[in-house]
Amino acid sequence: MITIKTDHFDPGQICDSGQCFRMKELQDGIYEVISRDRYLRLWQQEEGTVFDCSQEEFDSYWSAYFDLQNDYGIYLEKINPRDAYLTQAADTAKGVRILKQDLWEMIVTFLISQQNNIKRIHRCIDMMCETYGKKCMAADGTVYYAFPEPEALAPLVDDALMTCNLGYRSKYVVRTARAVQSGEIDLKKIKEMTYPKAKEELLKCYGVGEKVADCICLFALHDLDAFPVDTHIRQVLDEHYRRGFPNRRYKGFRGVMQQYIFYYELHKK
DNA sequence: TATCAGGCCCTAG
DNA sequence: CTAGGGCCTGAT
């Protein structure tokens, strides 16, 4: 168990940010995260955030997962103080970070997310993991399910995942799993690609469009300049950025700003 | 009962 | 290339 003092890091906000659907609050303030076949609990204390894992596992995995080596204070400082909207959004969401999640998990997750609501996305993913994911056990005996590998989904018929409530998105996931298994889509290569190339490659997946591709680039490949535009962001752009989002000013970390805006829109009263 | 949710595919024009 | 209908399901 290790304790880390970090600015601009709030597990609760990350849990509610909609970038990860395998993190949830167990009891008040205690969160669990599953990534690949790993399991972690974490919570905030006065001394800092407690990660219930070894130093080795923290260093080799979770530190990067939560992007803790990155100083978000620098991003926050660069926000134009005359931009009242973004200032307010960032102030509300400043505990959010861009996670570094698994590529395959993000492809499937954001295929499922389209034209869907957060509550159902959670249900879909839970059911899919319980049905097709490997059963695992944490050190304390907690049973959990890993995310299903492409190999587990590729043999299914197009509509098989409707039983997991995916609806018409079932065939998107199954066909993409087949493309990955066959080598038609090479995840290892995509990880090496720069943002534009990776996005272009991801767009070849059946069911992956502009918005989903950008989410994958942002949350798996950690391309912080990716700026997914969904209906909510579209509305904000139309309302507050008629002359366009200040891309120059935020170049290189536009995705961080997108997340602040997204979180704010989801949680403001 | 109708609408729409963190879109995308496909077909017409 | 752009516009618009269709798509699973469930919350409102």
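Me: Which residue in the turn between E3 and E4 has a positive phi?
Reply: Please keep in mind throughout that this is a predicted model. Strand E4 covers residues 38-45, and it pairs with E3 in the antiparallel sense over six bridges. At the end of this pairing Ser 35 has Arg 38 in E4 as its bridge partner. The two strands form a hairpin with two residues between them, and the turn residue with a positive phi, of about 50°, is Arg 36.

Me: Which residue in the turn between E2 and E3 has a positive phi?
Reply: Strand E2 (residues 23-27) and strand E3 (residues 30-35) run antiparallel and are joined by four bridges. Met 23 stands opposite Val 33 in E3, while Gln 27 has Ile 30 as its bridge partner in E3. Here too the strands form a hairpin with two residues between them, and the turn residue with a positive phi, of about 90°, is Gly 29.

Me: What phi does His 8 have, and is this residue buried or partly exposed?
Reply: His 8 is found in the loop between strand E1 (2-4) and helix H1 (11-15). Most residues other than glycine have a negative phi. His 8 is not a glycine, and yet its phi is positive, at about 50°. Because the count of C-beta neighbours inside 10 Å is 18, His 8 is classed as partly exposed.

Me: Which residues does Gly 95 contact, once its neighbours within four places in sequence are left aside?
Reply: Gly 95 lies in the loop between helix H4 (84-93) and H5, and it counts as partly exposed because it has 19 C-beta neighbours inside 10 Å. Its C-alpha atom is separated by 19 Å from that of Gly 252, which is 157 residues apart from it along the chain. Apart from those sequence neighbours, the residues in contact with Gly 95 are His 8, Phe 9, Asp 10 and Gln 13.

Me: How far apart do the C-alpha centres of domain 1 and domain 2 lie?
Reply: The domain assignment of chain A gives domain 1 as 1-100 + 231-269 and domain 2 as 103-219. The two are in contact through 11 residues of domain 1 and 14 residues of domain 2. On the side of domain 1 that touches domain 2, the residues divide into five nonpolar, three polar and three charged. The distance between the two C-alpha centres is 22 Å.

Me: Which residues touch the most other members of the largest nonpolar core?
Reply: In soluble globular proteins, nonpolar side chains tend to be buried together. The largest nonpolar core in this model has 74 residues, and at least three of its residues come from each of domain 1 and domain 2. Val 173, for instance, is in contact with Val 108, Leu 111, Ile 112, Leu 153, Leu 161 and Leu 166 when its neighbours within four places in sequence are left aside. The members that touch the most others are Ile 107, Leu 111, Val 173, Ile 216, Phe 219 and Tyr 260.

Me: Which helix supplies the largest share of the surface near DNA strand B?
Reply: There are 21 residues around DNA strand B, and those that come nearest are Gly 18, Gln 114, Gly 209, Lys 211 and Val 212. The residues of this surface divide into seven nonpolar, 11 polar and three charged. Helix H5 (103-113), helix H11 (210-219) and helix H12 (231-240) each supply at least two residues. The largest share, four residues, comes from H11.

Me: Which residues surround DNA strand C?
Reply: The residues of this surface divide into two nonpolar, three polar and two charged. The residues that surround DNA strand C are Gln 115, Lys 119, Arg 120, Met 162, Asn 165, Gly 167 and Tyr 168.

Me: Is Tyr 168 buried or exposed?
Reply: Tyr 168 lies in the loop between H7 and H8, and its C-alpha atom is separated by 22 Å from that of Ile 185, 17 residues apart along the chain. Asn 165 is found in the loop between helix H7 (150-153) and helix H8 (170-182), has a positive phi of about 75°, and is partly exposed because 18 other C-beta atoms lie within 10 Å. For Tyr 168 the number of other C-beta atoms within 10 Å is 12, and therefore Tyr 168 is exposed.

How values were computed. Residues numbered from 1 in each chain as written. Chains lettered and ligands numbered in written order. Predicted model: local features only at pLDDT ≥ 70, side-chain atom pairs only at ≥ 80, totals over all residues. Domains from an automatic or database assignment. Contact = placed C-beta atoms within 7 Å. Nonpolar A, V, L, I, M, F, W, Y, C, P; charged D, E, K, R; others polar. Buried ≥ 20, exposed ≤ 12 C-beta atoms within 10 Å, placed from the backbone. Near = placed C-beta within 6 Å. Pairing = 2+ DSSP bridges. Core = buried A, V, L, I, M, F, W, Y, C linked by C-beta atoms within 7 Å.
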